[in-house]
Amino acid sequence: MENKRFIEELALRMGMDKDKTAKTIEQLSEIIGETVKEEDCVVVPSFGAFEPKKKMERVMTHPSTGKRLLVPPRLTLGFKPSSTLKASIK
């Protein structure tokens, strides 16, 4: 589902206009991003959990040149769906 269609559907179900719905989604993503940057988990009941994961520094070999490169450590975002969401999909 595309972003525009998602916003339209959510606005319809919530009885809000599209602009307010888009702003709400934007603010939600900002809160999740800020919280994950602080290496804290965000749990949305009946939906799932957004968990930060640390990737350690590593050495990799470039496939075409064969040069060894150092990949710096980084923070990635993982999502673990709730059991309620898993059950609704099945």
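**Reading the labels on this model**

Visitor: Why is Arg13 called exposed?

Guide: Its relative accessible area is 68%. Exposed means over 50%, buried under 20%, and partly exposed in between, with a 1.4 Å probe and protein chains only. Arg13 has 68%, so the label is exposed.

Visitor: What do these values rest on?

Guide: This is a predicted model, where local features need pLDDT of at least 70, side-chain atom pairs count only at pLDDT 80 or more, and totals for chains, interfaces and linings use all residues. Residues are numbered from 1 along each chain as its sequence is written, and side-chain values use heavy atoms, with hydrogens and water left out.

Visitor: What makes Glu9 and Arg13 a salt bridge?

Guide: A salt bridge needs a side-chain nitrogen of Lys or Arg within 4 Å of a carboxyl oxygen of Asp or Glu. Here the N to O distance is 2.8 Å. Both residues lie in helix α1, four residues apart, about one turn of the helix. Glu9 has 31% relative accessibility, so Glu9 counts as partly exposed.

Visitor: How many salt bridges does the structure hold?

Guide: Three. One of them joins the side chains of Glu8 and Lys18, at 3.7 Å, N to O. That pair links distant parts of the chain: Glu8 sits in helix α1, Lys18 in helix α2, 10 residues apart. Glu8 is partly exposed at 31%, and Lys18 is partly exposed at 48%.

Visitor: Which residue forms a salt bridge with Lys54?

Guide: Glu39, with the closest N and O atoms 3.3 Å apart. Lys54 lies in strand β2 and Glu39 in the loop between α2 and β1, so the pair ties together parts 15 residues apart in sequence. Lys54 is exposed at 58%. Glu39, at 46%, is partly exposed.

Visitor: Why is the pair of Phe47 and Phe50 called tilted?

Guide: The structure holds three aromatic pairs. In this one the ring centres are 6.4 Å apart and the planes stand at 35°, so the pair is tilted. Rings of Phe, Tyr and Trp (its six-membered ring) pair if their centres lie within 6.5 Å; planes under 30 degrees apart count as stacked, over 60 as edge-to-face, and the rest as tilted.

Visitor: What separates Phe50 from Phe47 in accessibility?

Guide: Phe50 has 16%, so Phe50 counts as buried. Phe47 has 35% and is partly exposed.

Visitor: What are the distance and angle for Phe47 and Phe79?

Guide: Their ring centres are 5.2 Å apart and their planes at 50°, so this pair is tilted. Phe47 is in the loop between β1 (42–44) and β2 (48–55), while Phe79 is in strand β5 (residues 74–81), 32 residues apart. Phe79 is partly exposed at 37%. Phe47, Phe50 and Phe79 form one aromatic cluster.

Visitor: What makes a space in the model a pocket?

Guide: A 1 Å grid is laid over the protein atoms alone. A pocket is an open set of points with protein on both sides within 12 Å along at least five of seven lines; in a cavity, a 1.4 Å probe fits but cannot get out. Points are joined across faces, edges and corners, and the volume is the space filled by probe spheres set on them. The largest pocket has about 260 Å³.

Visitor: Which residues line the largest pocket?

Guide: Lining residues have an atom within 4 Å of a point. Among them are Phe6, Leu10, Met14, Thr24, Ser29, Phe47 and Phe50. The elements giving two or more residues are α1 and α2 (18–37). The largest share, five residues, comes from α2.

Visitor: How does the lining divide by residue type?

Guide: Nine are nonpolar, two polar and none charged. Ala, Val, Leu, Ile, Met, Phe, Trp, Tyr, Cys and Pro count as nonpolar; Asp, Glu, Lys and Arg as charged; the others, Gly among them, as polar.
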